[in-house]
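Reader: I'd like to learn how to read a structure like this one, feature by feature. Could you walk me through it?

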Amino acid sequence: MGALRPTLLPPSLPLLLLLMLGMGCWAREVLVPEGPLYRVAGTAVSISCNVTGYEGPAQQNFEWFLYRPEAPDTALGIVSTKDTQFSYAVFKSRVVAGEVQVQRLQGDAVVLKIARLQAQDAGIYECHTPSTDTRYLGSYSGKVELRVLPDVLQVSAAPPGPRGRQAPTSPPRMTVHEGQELALGCLARTSTQKHTHLAVSFGRSVPEAPVGRSTLQEVVGIRSDLAVEAGAPYAERLAAGELRLGKEGTDRYRMVVGGAQAGDAGTYHCTAAEWIQDPDGSWAQIAEKRAVLAHVDVQTLSSQLAVTVGPGERRIGPGEPLELLCNVSGALPPAGRHAAYSVGWEMAPAGAPGPGRLVAQLDTEGVGSLGPGYEGRHIAMEKVASRTYRLRLEAARPGDAGTYRCLAKAYVRGSGTRLREAASARSRPLPVHVREEGVVLEAVAWLAGGTVYRGETASLLCNISVRGGPPGLRLAASWWVERPEDGELSSVPAQLVGGVGQDGVAELGVRPGGGPVSVELVGPRSHRLRLHSLGPEDEGVYHCAPSAWVQHADYSWYQAGSARSGPVTVYPYMHALDTLFVPLLVGTGVALVTGATVLGTITCCFMKRLRKR
């Protein structure tokens, strides 16, 4: 048996294999969507086509053909990127009108667009690419089936009444008050035999504006995946619960806008879009319809809120009751779930600018409160009718004279209990005059004895004279001191040392020297202040400040008059023997001279200070 020889390949075979592999890398392939595609008559469709693995120029040409079901072997030319005369007669007019066109996305990709599908547009669509390759290798066309469904999507405004009532033929005009709920309904249904999803959204356009995608602002919608989303201006209200959208039954959708605002006015529309899932898993919109729901006007609170006061200019005497009425009017929603109101009275002294300070008010919960400075007085703020409020001061005082205004505020309620102020209004000014008591006080104060020394008791007396005033007038007196610094009176306000009130109760302040103080009534209209164990720190300028008080029927007191006495200087002198108390080492004679010199210097300086004052 002879030896075996290895089998040798022909020398040209490896080269042939390489050429075949190289040509396989450049095999042309035309790609179109996976079918069948379902679209609705009257809507637009876009079918993409691109080519890969080609030779030649980067810009390829494309030709589109249609094979109808009744003639599956007959190719009808639709449109071409190369030949403007390519279209068959059945498509010529639609191509010229731009209803059917091919749009180039890039050199090797185009899309066929049909603006309004017709039933006869159903069939097999072929995208063909004329060859630019050196050899005819690969696929030069791709086919996809398009099925045209009838338009069965229905959208209309939901009737406001029970089911079965016919919706009005023209959109109604609705008026809601600011803060109230705006509720609109929409009916959307489809009987498409294929599995589709509906997306329903509510939108708003400004009144009388043409409706389009650029003018229609989406409020809220249910997407095809059943997610609820709001347009950008309404996202916060949706998150806060002020905006709601729900499905009732199989085909009814209801939108509720809580706490209507001025910007919610406009024409509302309902848009329903039908979506289908293509074989490649993507979702495509196959139909969309829109219906006008209503023209909505929002009656703002600021345009309606009005405040009037009565009974007119008032002139009363001190101690008499003062009653003022405030009426809130306008086409306003009642206080309750959607709206709330607060009412208050302000007073400014005659001639003072601005609305003044708060006297009393009722808040949105009906709780009354008094303004600063009115605590402890008998003042009532109450609601006496549905929109009428009364302010009553049991006993007026001269200080109550001025200009009164009623201030009303309207609030709208958002989600939960959150209130938002929507409007406010002030009434015209109402003058109130209160007669003065006519009390005139005068006070004279002096230091008993004229001179006082350290360690002694300083007695300051104050005599008060009164002219005018009602019976039962009571007097009070207080003592004040101003301390000198570097020979001048301090810029610090006077300091209370002590006094006796109109009820006879003594009130003690702070004595500069820190020693004991006594205040007392030594006569019907005479008060005394005593500073015991006088010291250098008690030096200062004292004065007496009497005041007249009247008590009204409601047992409240008010100050009917006041006065201030002239200054009384208190200077604690040193005893002569104190000035002679020096160290014995100096000598008796020197001590006498030194003491006399010190005493003379102190007296001289004090007399100069008195002359300055």
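Author: Let's begin with a term: two strands count as paired if DSSP finds at least two bridges between them. Keep in mind that this is a predicted model. In this model, strand β26 is joined to strand β27 (residues 388-393) by 5 bridges, and the two run antiparallel. One of the residue pairs to look for is methionine 381, whose bridge partner in β27 is leucine 391.

Reader: Which strands make up the open sheet, and in what order?

Author: The general idea first: strands of a sheet pair through backbone hydrogen bonds, either parallel or antiparallel. Here 4 strands form an open sheet in the order β20-β22-β27-β26, with antiparallel pairing. Its edges are β20 (306-310) and β26 (379-383), each of which pairs on one side only. On average, neighbouring strands of this sheet are turned by 15 degrees against each other, direction ignored.

Reader: And which secondary structure does the chain hold as a whole?

Author: There are 5 helices and 44 strands. Of the 613 residues in the chain, 41% are buried. As for contacts with a separation of 6 or more, 61% of them come from residues 24 or more positions apart.

Reader: Why is strand β28 described as largely enclosed?

Author: Burial is the thing to check, and buried means under 20% relative accessible area. Strand β28 (residues 402-413) has 10 buried residues out of 12, so it is largely enclosed by the rest of the structure. Now follow its pairings. With strand β23 (residues 339-348), β28 pairs in the antiparallel sense over 10 bridges; there, valine 343 has alanine 408 of β28 as its bridge partner. Strand β29 (residues 419-426) is joined to β28 by 7 bridges, again antiparallel, and valine 412 finds its bridge partner in arginine 420. Strand β30 (residues 430-434) also runs antiparallel to β28, with 3 bridges, and here threonine 403 is partnered by proline 431.

Reader: Let's zoom in on one side chain. Is threonine 271 buried or exposed?

Author: Threonine 271 has 9% relative accessibility and therefore counts as buried. You will find threonine 271 in strand β18 (residues 266-277). Its side chain makes a polar contact with the side chain of arginine 290, at 3.0 Å. Leaving out residues up to four places away in sequence, threonine 271 touches several others, among them Ala199, Leu216 and Glu288.

Reader: How many aromatic pairs does a search of the whole structure find?

Author: That search finds 4. To classify a pair, look at the angle between the ring planes: over 60 degrees counts as edge-to-face. For phenylalanine 65 and phenylalanine 86, the ring centres are 5.2 Å apart and the planes are at 75 degrees, so the pair is edge-to-face. This pair links distant parts of the chain, 21 residues apart: phenylalanine 65 sits in strand β4 (residues 63-67), and phenylalanine 86 in the loop between β5 (76-80) and α2 (89-96). Both of these phenylalanines are buried.

Reader: What about tyrosine 571 and tyrosine 573?

Author: Their ring centres are 5.2 Å apart with planes at 80 degrees, so this pair is edge-to-face. Tyrosine 571 is buried, at a relative accessible area of 15%, and tyrosine 573 counts as buried at 17%. Together with Tyr453, Tyr571 and Tyr573 form one aromatic cluster.

Reader: Where does lysine 143 lie?

Author: Lysine 143 lies over the face of tyrosine 67, at 4.7 Å from the ring centre.

Key: Residues numbered from 1 in each chain as written. Predicted model: local features only at pLDDT ≥ 70, side-chain atom pairs only at ≥ 80, totals over all residues. Heavy atoms only, no water. Axes fitted to C-alpha atoms, helices over the stretch in contact; angles between N-to-C directions. Buried < 20%, exposed > 50% of the residue type's maximum accessible area, 1.4 Å probe, protein only. Polar contact = N/O pair within 3.5 Å; in protein donor to acceptor, adjacent residues only side chain to side chain. Contact = heavy atoms within 4.5 Å. Phe/Tyr/Trp six-rings, centres within 6.5 Å; stacked < 30°, edge-to-face > 60°. Lys NZ or Arg CZ within 6 Å of the ring centre and 35° of its normal.
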